[in-house]
There are 2 protein chains.
Amino acid sequence: MDKIRQSTLHGEVAERVRDLIAQGVLAPGSRVPEKQLCEQFGVSRTPLREALKVLAHEGFVELLPNRGARVAKLTRTTLKNTFEVMQSLEALAGELAGARISDPELANIEALHYQMLAHYKSGNMQEYLLTNQQIHEAIVVASQNDVLIDVYKNLNHRVRRVRFTAELSSDYWSQAVSEHEAMIEALRKRDGKELGSILSCHLRNKVEVSALEEMAE
Amino acid sequence: MDKIRQSTLHGEVAERVRDLIAQGVLAPGSRVPEKQLCEQFGVSRTPLREALKVLAHEGFVELLPNRGARVAKLTRTTLKNTFEVMQSLEALAGELAGARISDPELANIEALHYQMLAHYKSGNMQEYLLTNQQIHEAIVVASQNDVLIDVYKNLNHRVRRVRFTAELSSDYWSQAVSEHEAMIEALRKRDGKELGSILSCHLRNKVEVSALEEMAE
DNA sequence: CTCCTTTTTTTTGAATGCATAATTAGATTT
DNA sequence: AAATCTAATTATGCATTCAAAAAAAAGGAG
């Protein structure tokens, strides 16, 4: 069952702006052109500004007094800090998922896992990273902790713009894959403790950080 | 050095509304009276509504289409989930703080610890809980991870309205105190691993949850 | 008196308006 | 021509206005 899509105008606008930032259309450090975006979206400044307030709170933009919103730069430090927190949240998610995951959810993750392996074999980095990401998200969802899911998704959003652009070294890549094997094994045994500790050591984040660090700031 | 206090009107308003919710002036489930609050704060509806969008994103209020904002109810489940995440974040904070805490920060936490012990001895629950809270916050700050600090503070905000109203049983209370002793010990040794594991087992949250559960929803 | 319908009032969501601050463009001086 | 000062333009922050929706009040039937 899907969540009720509460369509609020400012919410729609926020999502569009988030996309523009993620896609790099709005460059880090650049100002957010209110008027132009209003025309582009066909809305007045009110809902756009409401959206900007939310985005500022989320860390996507910075509000400078009397000079509007600027796209926030993703510094190396912030990126590292974000991954640090996400890793910890994933560890918690793994622990909880071990106890709470449903059979269909497990089956879905297994399916994703084999997909991911296929992408690994064929060397398709883009697809690999996407599927990898979906697995991690699925584990978080399986935690059944709405607050956790919420916070995780928000952090994930923030780093979206540097995601999927990384080049993994083959060493790290193969290690990440073997860790994923262990994760699936732990999940099948519904061993949350084990899954949690694998995830908290899982160096996916570290890999990405090292690969992405140069992109930030 | 304190952060630059960027005073935005909507930010101020958001804080005021948060306070009203925390203090119970705005009851859970009740509607947020825009007009009245505007008069009370002496601002127009624009900044108030901007604040409400942010508060909705933070989980303080819910926005219902064409019927404005309602104060979000803090259900037992949400409360439990929130503490679950906070506990995990504190564990991470402890780990990081062990490696990164500065001498003045440590001294400050030690001072707070003795204060807390004094409140324990004199049976002053209110002051005890407040100081206890300050210690946990100080550890989070000592992690030097801005993202972590940010997320933690936000979650802390959300549960503020049920904080400091709990009645702890003396058993739990004494155990919590002894755990705090161990925490301080670990901090002195700058043993992040140890501190992290103490915090992740620390049942302060559980205690509060059990005491607070009846208050929620 | 209770329940339902219709009208009035209030509230909400979003656009517009306006004063102030910031930016740009142009003029003046060196 | 470079630099500084001034005027025009534009952008921003907040208040106000307006149409549509919801809530409340008044009226009428059973």
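This is a predicted model: local features need pLDDT of at least 70, side-chain atom pairs count only at pLDDT 80 or more; totals for chains, interfaces and linings use all residues.
Residues are numbered from 1 along each chain as its sequence is written, and chains are lettered from A, with ligands numbered from 1, in the order in which they are written.

**Exercise 1. Find the residues that come nearest to DNA strand C.**

Step 1. Apply the cut-off: a residue is near a strand if one of its heavy atoms lies within 4 Å of it.
Step 2. List the residues. There are 18 around DNA strand C. Leu9(A), Ser44(A), Thr46(A), Arg45(B) and Arg49(B) come nearest.
Step 3. Turn to the DNA side. Of the atoms of DNA strand C within 4 Å of the protein, 68% belong to sugar or phosphate. The rest belong to bases.

**Exercise 2. Which atoms of DNA strand C do Ser44(A), Arg67(A) and Arg45(B) approach?**

Step 1. Look for polar contacts (pairs of N or O atoms within 3.5 Å).
Step 2. Check phosphate. An N or O atom in the side chain of Ser44(A) is 2.2 Å from a phosphate oxygen. For Arg67(A), a polar side-chain atom lies 3.3 Å from a phosphate oxygen.
Step 3. Check the bases. Arg45(B) has a polar side-chain atom 2.6 Å from a base oxygen.
Step 4. Helices are DSSP runs (H or I, at least four residues), numbered from the N terminus. Helix H3 (45-58) of chain A gives two or more residues, as do helix H2 (34-41) and helix H3 (45-58) of chain B. H3(A) has the largest share, three residues.

**Exercise 3. Describe the surroundings of DNA strand D.**

Step 1. Count. 18 residues surround DNA strand D. The closest are Arg45(A), Arg49(A), Leu9(B), Ser44(B) and Thr46(B).
Step 2. Find phosphate contacts. The side chain of Ser44(B) has an N or O atom 2.4 Å from a phosphate oxygen. Asn66(A) uses a backbone N or O atom, 3.4 Å from a phosphate oxygen.
Step 3. Find a base contact. A polar side-chain atom of Thr46(B) lies 2.9 Å from a base nitrogen.
Step 4. Name the leading element. H3(B) gives the largest share of this surface, three residues.
Step 5. Sort the residues near DNA strand D. Four are nonpolar, five polar and nine charged. Asp, Glu, Lys and Arg count as charged; Ala, Val, Leu, Ile, Met, Phe, Trp, Tyr, Cys and Pro as nonpolar; the others, Gly among them, as polar.

Key. Side-chain values use heavy atoms; hydrogens and water are left out. A polar contact is a pair of N or O atoms within 3.5 Å; within protein, one must be able to donate a hydrogen and the other to accept it, and residues adjacent in sequence count only if both atoms are side-chain atoms.
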